[in-house]
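I opened my notebook for another look at a model. Here is what I looked up, entry by entry.

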Amino acid sequence: MNFLTAIQLVFEPTTLMVLLASAAFGLFVGSMPGLSATMAAALLVPLTFYMDPVPAIGAIVVCSAMAIFAGDIPGALLRIPGTPASAAYVGEAYQMGRRGELSKVLSVNLLASAIGGIFGTLLLIFLAPQLALVALRFSSYEYFWLALIGLSAATLVSASNPIKGIISLFLGLLLATVGLDVVTGFPRYTFGSVNLMGGVSLIAALIGLFAVAELFRKATTIQERLPPVPQVEGAILRQGFAVIRQYKGNALRGSIIGTLLGILPGAGADIAGWISYAVSRRFSKTPEKFGTGHIEGVVDASASNNASLGGAYVPALVFGIPGDSITAIVIGVLLIKGLTPGPTVFTQSGDIVAAIFVVFILANLILIPLGLLAIRAARNVLSIDARVLLPIIVMFSIVGAFAVNNAVFDLWIVLALGLIGWLMEENGFSVAPMVLGLVLGKIVEESFVNSMIKANGNLVAFVDRPIAGTLAAVFLTIWLSPLILRAIRSRAKATAG
Amino acid sequence: MNKTQAISLAAILLAGTAMPAVAQYPERPITLLVSWAAGGGTDAVARALATQIEKQLGTPVNVVNRTGGAGVIGHTEMINAQPDGYTIGLATAELATYYWSGTAEFTYEDVTPIALVNLDASAFNVSSGSEWTDLRMALDAIKAAPAGTYKLSGMAPGAGYHLALSGLLHSEGIDPTFITVVPSQGAAPGFQELASGGVDLVPSSLPEAQSMIAAGQVKSLAVLAGTRMAAFPDVPTVEEAIGKPWVAGTWRGLVAPAGVPAEAIAVLETAVEAAWNSDEFQTFMTDRGFGLTYSNSADFATFLANEHKGNGEIMGLLGLRQRD
């Protein structure tokens with residue numbers, strides 16, 4: 001690999017133009033509720049047919065990095081995550097916005113995203129072959145435990161009431177069972193409808209539970225014509241820098257978790273955001289502040305979801321196994337360009353691979369100026385009259401939900417879940433665990449059933465591999481340690497008393 | 001105006017109203033349905049083909065992904081669309097399985113075949129650490145071991161490559177249910193299982209296995225094709241390995257709903273054939289490693305009928321057949 005040649009490949013006028021255009025496109029798609037980073041990449045594919053390899057892959061890299069950051073913007077402004085990767089901390093970010101700290105939270109999102117992105121890239125550059133080998137050792141047993149650990153995050157992300165959090169999680173898991181069963185293809189809860197065979201679309205659910213539910217809530221106060229929240233003034237970036245300096249450990253931890261989850265095929269930016277947020281709360285010195293508009297978890301999760309993007313390229317480049325849905329698309333583009341992923345791609349097409357790495361770094365650097373422009377533009381949204389803004393959001397929500405599957409049926413899901421989400425939030429049930437259940441439900445079920453098939457029903461197989469056993473121990477510690485601690489404390493109290 | 005003149009005038013008027021409807025097809029954009037997600041293999045083939053059909057017909061061909069339910073939603077849409085020639089679909093091998101598995105009511109008779117554009121031969125891929133060194137040895141081991149000893153992954157049970165392999169096993173006198181299927185969403189997670197030691201074999205196309213073969217994680221014992229593939233000269237055909245010709249795999253072909261006017265199908269068939277022969281499409285398919293096979297409407301119809309019958313038999317053996 002020769003990085004000088006690589007830099008020459010990237011810093012060509014046409015390549016730079018392509019990257020800049022994809023950046024703007026990514027910012028737009030990411031900030032639109034319902035349009036995800038994966039969709040942005042998929043929409044770029046037909047255009048890449050006409051490009052050289054470096055701009056073709058570079059366009060997807062830049063566009064997905066921008067989209068994952070931009071997903072935070074509508075989250076903080078309107079409590080509507082722009083992409084599923086922002087769903088974990090949308091409540092936190094929104095409450096900060098309501099307090100007038102919009103610039104602060106968005107600049108933290110921006111800086112943490114850039115840090116996470118660069119961290120993920122560095123691991124990709126220096127450790128790709130080694131890390132990919134570790135990722136290959138993950139079988140359905142390991143995924144099963146990983147998904148259970150992910151589900152445990154539900155009690156941590158639902159701020160105040162763990163019981164209500166678990167009820168919400170189970171609703172999500174129930175929705176995840178709708179459709180053709182992953183093993184036998186048998187239809188469940190489809191009531192004879194072909195549309196339901198595809199299950200509940202995650203994006204449609206996200207728009208319903210967050211966007212439409214929020215619209216119902218806002219509609220009740222629309223006549224009051226509330227004045228816009230006064231925003232804290234001052235340089236946007238400086239506000240973010242101060243927070244990142246205070247929570248630099250969190251940014252690093254989020255980056256590590258995000259990269260590692262990104263490397264694992266089957267876990268991507270969405271799951272990285274959830275787990276990092278939960279870890280942040282679990283190890284925080286002030287866990288009670290979580291859920292009240294506290295910045296700490298936002299640092300972890302914003303770094304994490306962007307870091308996972310770089311991680312996902314590790315198995316994709318080394319083994320041709322996609323680390324997430326975006327790299328699945330990238331592999332297709334690489335093949336069209338005559339680059340077959342595999343260990344030899346680093347030697348045979350070393351310059352191009354190095355150029356992709358340069359684009360990664362570049363993408364995370366131009367994220368900052370472009371992101372700042374987006375934040376400035378976003379602040380103006382708050383001064384728009386709700387009676388104008390809400391119908392526009394409705395329109396975007398409908399377009400976004402329809403665009404995923406081109407299905408009118410999904411709009412009914414949006415409406416139904418919008419009503420459910422509204423009623424749940426009005427009664428103190430957080431909808432975040434429900435979305436988590438939808439994200440992880442299929443993975444839990446598929447990895448469990450596949451493991452049972454492989455082991456011929458022998459449960460010991462779940463723990464007798466080294467990584468699986470370790471993950472099982474982590475899972476049990478998460479659930480048993482509070483009980484044991486409580487038992488010890490009450491015994492101590494009893495002896496003292 | 002005498003009677004003859006009147007009749008000719010009427011004839012001209014009639015012709016004038018009737019003719020353009022046929023001659024002008026297509027007069028508006030065509031929708032090309034794909035049952036699988038954007039970015040995947042079928043989607044890529046559909047988009048490459050759509051670009052070339054567009055050039056032939058001079059009208060936009062828009063690829064629309066209708067995903068979900070293991071492809072059944074998209075295929076249902078292809079069959080239920082207006083039979084006016086403005087909605088067509090790129091059907092995949094699963095089309096000829098839904099009826100037998102009980103997932104859907106339709107069969108191949110509910111579509112109008114336009115052209116078969118691709119056939120991907122299945123290959124017999126095992127982990128590079130596997131003790132099996134050739135196909136004969138693998139088949140003997142599977143035959144000798146108790147049911148459920150060996151497992152495969154890379155697809156849902158009853159998908160194209162599973163049926164291809166099951167047919168081969170059956171012809172060797174092995175009960176295809178002896179091999180347990182660990183379901184996965186596509187070949188890549190299947191290879192992940194293979195490398196992590198979870199399963200023993202992954203039947204997939206050779207291009208899908210290419211990266212893992214290059215990485216030294218996977219070896220391919222045979223390809224279920226008539227001749228060796230140019231890109232994989234070291235992988236023998238089934239005939240070379242065990243002395244019996246065996247060709248099977250998965251396919252993709254353009255279909256329209258039943259009842260589309262024959263004129264429209266004729267226009268489409270000509271356009272698709274030219275699109276398939278275009279340098280751009282040929283290069284694309286070769287670069288991506290997709291098999292290049294073409295059959296016109298009539299041959300594709302025969303092919304579908306055979307697939308329907310063959311799948312019914314093999315799915316019966318596998319216990320996946322839900323109706324007679």
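Is A:Ala328 buried or exposed? I kept in mind that this is a predicted model. I counted 22 other C-beta atoms within 10 Å of A:Ala328. The cut-off for buried is 20 or more, so A:Ala328 is buried.

I then looked up where A:Ala328 sits, and found it in helix H16 of chain A, residues 325-336.

Next entry: the domains of chain B. The assignment gives domain 1 as 29-119 + 250-317 and domain 2 as 123-242. I noted 26 Å between the C-alpha centres of these two domains of chain B. Where they meet, 12 residues of domain 1 of chain B are in contact with 13 residues of domain 2 of chain B. On the domain 1 side, helix H12 of chain B (residues 297-318) supplies the largest share, four residues. By class, I have that side down as five nonpolar, five polar and two charged residues.

Last entry: the two chains. How many residues does each chain bring to the contact? I found 41 from chain B and 43 from chain A. Several elements of chain B give two or more residues to the side that touches chain A, among them helix H2 (41-57), strand E2 (61-65) and helix H7 (187-195). H7(B) gives the most, with six residues. I sorted the chain B side by class as well: 18 nonpolar, 17 polar and six charged residues.

Note on methods. Residues numbered from 1 in each chain as written. Chains lettered and ligands numbered in written order. Predicted model: local features only at pLDDT ≥ 70, side-chain atom pairs only at ≥ 80, totals over all residues. Domains from an automatic or database assignment. Contact = placed C-beta atoms within 7 Å. Nonpolar A, V, L, I, M, F, W, Y, C, P; charged D, E, K, R; others polar. Buried ≥ 20, exposed ≤ 12 C-beta atoms within 10 Å, placed from the backbone.
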